[in-house]
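Welcome! Have the viewer open and try each task before reading on.

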Amino acid sequence: MDEPVKRDIVKELKEKTKLFLKDNSNLIFLGIVICAFAIRLYYFSLTKNQTLWWDEAEYFSKAKSIVLGTPAWIAPIREMMVPYFWSILYAISPGEHLARFFQVIISTITVVFTYFTAKQLFSKKVALISTLFMAAYGLHLFFTARLLVYAWAPMIYVLAIFFFLRRDKSINLYISTAIIAIGIVTYFSTSFLLIFLFVFLLTEEKIQFFKKKRNYIALLIFILVLLPFISYYMIKIGVPLPRFTQVGASLSHASEGKILPFANWFDYIYMLPRLLLFPLTYILAFGSLLLLFKLILGFDIFWKNESEKLKNYYFVLLWAFLTIAIYSVIYVIGGDVVYDAFIMPAFPAIFMICALTLIWLYDSFKKY
C-alpha cells in the first residue's frame, strides 16, 4: 500500500474515533464494556485454578484427548464444537487457563452485542440500560467462570440476531443462518433461536415468506453448514445431532403421561424472581404486560407491518418468552431438570424489556 494511502486511512480512522468519542452515549457504552471485562477478569483471577466440575471435566477430557490421545470420558449427548476449539487452545498452552480466559472473551462479546442489538431494535438509551444489566448479571458471570457451553448460547443468540435485524441486505440473513447452524453444534438450544426467528418471519411476511427466494437460499446455507457435522455424528453415534440420542427417552416419558400436573409448565417462570430479584422481577412483569397491551391495542397496524416499534415489541417478547416456553415443554415432556443456565439466552431480551419499562416509567413521572 502506498504511503499517501496509508496516511489517508489513518487520518480517516482518527476522525471517526474523534466523532465517536464526542458522543456521550458512546463513552458510557465504552465504560460499561470496560467494566464488564474488568469484572470478568477479576472472577477469572479468582477461579482460574479451581477444580473442574463433572460436566466441565467431560468437555475438557475431550479437548485433552484430541491433543494427547488420552481417554475422553464424555457423554454422547454433548456437542463437540467447543471441546475441539479448546483443544487448539490446549495445544498452544497446556492447561485450562487459556480456555478459561476465552470464556471471558465470549462473555464480553455477549455484552457488546447486547448493546448493538438493543440499539437496532429500540434506542441508545434502551441499549445502554440493558447492556449494563447484562454486564453485571450474576448468572452470566457465574457461568463465565466455568468451562461449560452455557455462556456460548447467549453470545450466539445476540450475534445471529444482530445480523438478522439487518436482513434488508440478504447477505446478513445468510450470515445469521450460518451462525445459527454453527450454534446448533456448539450448544443445542440455539435451535430454539431458529424456531423463534421462523415464527417472527412468518408473522411479518405471512404467505410471502414462502415466495421469497432468499429464504430458500438461507435454508440451503443452513443445511450446507450443518451437513459436515451431521455426517460426522451419523458415523460416530448413529444420529444426526448429539441431543437426538435423548429423543427415545423423552417420548417414553411423554407416553407415561407425566406431562401433568399443569403447574410444572410454569417452573421456569417461577424461577425468574430468584434469577432477577426485586425490583427487576416486578419491572419485567409490568413491562411485559405493558408491551403486550400496546400490541393488542395496535394489533391492526402491527399485523399490516405499519409500525416498526410494535414489531420490535413483538420481537423482544417472542425472544424472551418463546425461549422459556420451549424449555418448559422440554422439561415437562422430556422429564429433564429445570436449570437456570438453560434460559440464559432469554436474558438480553428480558433486560431490554426492563430497560423499556424503566424509560417509560421515567418519562411518565418525570414531570412530577
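**Exercise 1.** Find which residues histidine 140 touches, not counting residues up to four places away in sequence.

*Solution.* Step one: go to helix α7 (residues 138–144), where histidine 140 lies; helices here are DSSP runs (H or I, at least four residues) numbered from the N terminus. Step two: list the neighbours, taking contact to mean heavy atoms within 4.5 Å. Histidine 140 touches Arg40, Ser107, Thr110, Met134, Ala151, Pro154 and Met344. Step three: check accessibility, where buried means under 20% relative accessible area, exposed over 50% and partly exposed in between (1.4 Å probe, protein chains only). Histidine 140 has a relative accessible area of 0%, so it is buried.

A word on the model before going on: it is predicted, local features need pLDDT of at least 70, side-chain atom pairs count only at pLDDT 80 or more, and totals for chains, interfaces and linings use all residues. Residues are numbered from 1 along each chain as its sequence is written, and side-chain values use heavy atoms, with hydrogens and water left out.

**Exercise 2.** Work out which members of the largest nonpolar core touch the most other members.

*Solution.* Step one: recall that a nonpolar core is a set of buried Ala, Val, Leu, Ile, Met, Phe, Trp, Tyr and Cys residues joined through side-chain atoms within 4.5 Å. Step two: look among the 105 residues of this core for Trp86, Phe315, Trp319, Phe347 and Ile350, the members that touch the most others. Helix α16 (residues 308–334) supplies the largest share of the core, 14 residues. Step three: zoom in on isoleucine 350. Apart from neighbours within four places in sequence, isoleucine 350 is in contact with Leu272, Leu276, Leu284, Ala320 and Ile324.

**Exercise 3.** Describe how helix α14 and helix α17 cross.

*Solution.* Two packed helices are described by the angle between their axes and the distance between the axes. Axes are lines fitted to C-alpha atoms, for helices over the stretch in contact, with angles from 0 to 180 degrees between N-to-C directions. Step two: read off the values. The axes of α14 (residues 280–297) and α17 (residues 347–365) come within 8 Å and cross at roughly 80°. Step three: name the arrangement. The two helices are therefore roughly perpendicular; angles under 35 degrees count as roughly parallel, over 145 as roughly antiparallel, 65 to 115 as roughly perpendicular and the rest as oblique. Step four: look at the residues in between. On the α14 side, the contact includes Leu280, Ile283, Leu284 and Phe286, and on the α17 side, Ile350, Phe351, Ile353 and Cys354 are among those taking part.

**Exercise 4.** How many salt bridges does a search of the whole structure find?

*Solution.* Step one: apply the rule that a salt bridge is a side-chain nitrogen of Lys or Arg within 4 Å of a carboxyl oxygen of Asp or Glu. The search gives eleven. Step two: take one of them, between aspartate 23 and lysine 124, at 2.5 Å from N to O. This pair links distant parts of the chain, 101 residues apart: aspartate 23 is in the loop between α1 (3–22) and α2 (24–47), and lysine 124 is in helix α6 (residues 124–136). Aspartate 23, at 25% relative accessibility, is partly exposed. Lysine 124 is partly exposed too, at 28%.

Step three: turn to arginine 100, which forms a salt bridge with glutamate 56, the closest N and O atoms being 3.8 Å apart. Arginine 100 in helix α5 (residues 97–121) and glutamate 56 in helix α3 (residues 54–68) are 44 residues apart. Both are buried. Arginine 100 also forms a salt bridge with glutamate 96, at 3.5 Å. Glutamate 96 is partly exposed, at 23%. Step four: find the network of salt bridges that links Arg167, Glu204, Glu308 and Lys311.

**Exercise 5.** Locate proline 279 and leucine 277, and state what marks the backbone at each.

*Solution.* Step one: go to the loop between α13 (267–276) and α14, the place of proline 279. The peptide bond from phenylalanine 278 to proline 279 is cis, with omega near 0°. Step two: find leucine 277 in the loop between α13 and α14. Phi of leucine 277 is near 65°, a positive value in a residue other than glycine. Leucine 277 counts as exposed, at 52% relative accessibility.
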